[in-house]
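Open the model in your viewer and keep the selection panel at hand.

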There are 2 protein chains.
Amino acid sequence: MYQELIDHIRKFVALTDAEAEVLPGYIQVHSIKKKAYLLKEGQVCRWNYFVGKGCLRMFCINEKGTEQITQFGIENWWLSDYMSFDRQTASGFNIQAIEDAEVYAIAYEQQAALFTALPQMESYFRIVFQKAYAAWQVRLKYLYDFSKEENYLHFTGSFPGFVQRIPQYMLASYLGFTPEYLSELRKKHT
Amino acid sequence: MYQELIDHIRKFVALTDAEAEVLPGYIQVHSIKKKAYLLKEGQVCRWNYFVGKGCLRMFCINEKGTEQITQFGIENWWLSDYMSFDRQTASGFNIQAIEDAEVYAIAYEQQAALFTALPQMESYFRIVFQKAYAAWQVRLKYLYDFSKEENYLHFTGSFPGFVQRIPQYMLASYLGFTPEYLSELRKKHT
DNA sequence: CGGTCTCTTGACGGAGTTCAAAGCTAGTGG
DNA sequence: CCACTAGCTTTGAACTCCGTCAAGAGACCG
C-alpha cells in the first residue's frame with residue numbers, strides 16, 4: 001500500500017519513513033474496475049491521479065461523436081485534466097480505466113495542506129510536471145515531423161509491451177487516425 | 001529591470017522586495033536581436049528563458065529540410081527544451097528570436113541554488129509547469145479534434161493580435177500545414 | 001532602385017478518410 | 001464448458017483534404 005507512490009517520490013526527493021506515513025492523511029487509494037470512469041466530461045475534476053497498477057485513458061468526444069484519446073496513464077504516471085483541476089471548472093475530458101486499476105488520488109482541497117506538511121512534495125511535483133512537459137515537447141515534435149505511418153512505427157517500436165495491452169482502435173485513436181488505416185499499416189508491416 | 005519577471009512571480013507566490021533583490025544573483029538578463037539564436041540543434045540547452053519583451057520561436061528541422069515550429073514564446077512565458085535542459089543532453093530543437101527581445105535566463109547550474117535561496121521559487125515553478133502542461137492538454141485536444149481549417153480559425157480567433165506579429169509562413173508551420181494551404185484558407189475566409 | 005524574402009495561384013497527386021460489409025475474438029450466461 | 005452475441009478487426013472502393021511543384025506578384029531592406 002502506497003509503496004509504488006513512495007518509491008516514485010524517492011526517485012526525485014528525500015522522504016523519510018516517518019514522512020511517508022503522513023501521506024495517507026492527504027492521498028487516498030482508489031480501486032477501479034475496468035471501464036469505470038474517474039472523470040466525465042462536464043464534471044469539475046476534483047482529483048489528481050497517480051497510477052499504481054493498471055491503465056487509464058483520457059479522451060474527449062469530437063463533433064462527429066467519436067472518442068479521441070489524448071493520453072494514456074500507465075504505472076508511475078500522474079494523470080488528470082489539469083486545466084479543470086487547477087481552475088475547478090468543467091472538464092472537456094473523460095478519464096476511464098481500461099484495465100482494473102489501483103490509483104492514488106489527491107483531492108484539490110488537500111493539495112495545499114500536503115505541500116505545507118511535506119514541503120519536498122512541492123519540489124517533487126515541480127520535477128514531475130517539468131518532466132511531463134518535456135515529454136510533451138518531444139511528442140509534439142514527432143506528431144508534426146512525421147507521417148502517421150512513421151508515428152505508428154515509432155510508437156510500436158518504442159512501447160512494444162504497451163501496444164499489446166490495449167485494443168487496436170484505441171491505439172489508432174491515440175495516434176490520430178482511423179482503425180481502418182491502422183489495419184492497413186499492420187498488414188503492410190507484417 | 002526584472003520587473004516583468006517579479007510581477008509574474010508575484011501572481012503566484014509571495015515575494016518581498018528584499019527577496020526580489022536576490023534574483024539577479026541567479027537569473028541573468030539577455031538582450032537578443034531579431035533572428036539571433038538562443039539554442040541550436042545539437043547543443044546542450046543550458047538556459048531556461050522567460051520572455052520579458054519580444055517574441056521567440058522554437059522549431060526543429062524535419063527530414064525534408066523544412067522548419068517545423070512547435071512553440072512560440074511571448075511575453076510572460078517560459079521557454080526551453082526541457083528534455084535537453086533537464087538531462088543536459090544534445091537538443092533536437094532551435095530557439096530563435098523573431099523580434100528584438102529581452103529575456104531572463106536561469107542557467108542549469110544555478111537552478112538548485114535559486115531554489116535553496118528562495119524556496120517559494122520551487123513552488124512558483126511547480127505552478128508554472130502545471131499550467132503549461134494544462135495548456136498543452138487543451139492544445140492537443142484541438143490538434144486532434146479539429147481539421148486544419150478549424151484549427152486555423154480557432155487560433156486566429158483566439159489570438160488576433162499575435163497573428164499579426166508573425167509572418168504567415170510561421171503561422172502555417174506552427175499549425176502544421178503549408179503556406180500554400182494557409183493562403184487558400186485566408187482567401188476563403190475573406 | 002535591385003535583390004531577396006514572402007505571399008498567392010493553380011494543376012496534379014497521394015496519404016489517409018469514409019462507408020459498408022464480412023470475418024474474427026472474447027466475454028458472458030446458461 | 002460450450003454457444004451466442006457484442007465488440008473488435010479487416011477489406012476494398014470511392015472520395016477528399018491537403019501537400020508538392022512551379023511560376024508569378026508583392027513587399028521590404030540595404
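A nonpolar core is a set of buried Ala, Val, Leu, Ile, Met, Phe, Trp, Tyr and Cys residues joined through side-chain atoms within 4.5 Å, where buried means under 20% relative accessible area. The model on screen is predicted.

Select Tyr124(A) and Tyr124(B). In the largest nonpolar core, which has 99 residues, these two touch the most other members.

Stay on Tyr124(B) and show what surrounds it. Beyond its neighbours within four places in sequence, Tyr124(B) is in contact with Leu5(B), His8(B), Ile9(B), Phe12(B) and Val13(B), and also with Phe50(B) and Trp78(B).

Next, select DNA strand D and the residues around it. There are 14 of them, and the closest are Gln168(A), Tyr169(A) and Ser183(A), along with Phe177(B) and Tyr181(B). Of the atoms of DNA strand D that come within 4 Å of the protein, 79% belong to sugar and phosphate.

- Tyr169(A): a polar backbone atom is 2.8 Å from a phosphate oxygen.
- Arg186(A): a polar side-chain atom lies 3.2 Å from a phosphate oxygen.
- Lys64(B): a polar side-chain atom lies 3.3 Å from a phosphate oxygen.

Finish with the secondary structure. Helix 8 (168-175) and helix 9 (179-188) of chain A, together with helix 9 (179-188) of chain B, are the elements that give two or more residues to the surface near DNA strand D. Helix 9 of chain A supplies the largest share, 4 residues.

How values were computed. Residues numbered from 1 in each chain as written. Chains lettered and ligands numbered in written order. Predicted model: local features only at pLDDT ≥ 70, side-chain atom pairs only at ≥ 80, totals over all residues. Heavy atoms only, no water. Near = heavy atom within 4 Å. Polar contact = N/O pair within 3.5 Å; in protein donor to acceptor, adjacent residues only side chain to side chain. Buried < 20%, exposed > 50% of the residue type's maximum accessible area, 1.4 Å probe, protein only. Contact = heavy atoms within 4.5 Å.
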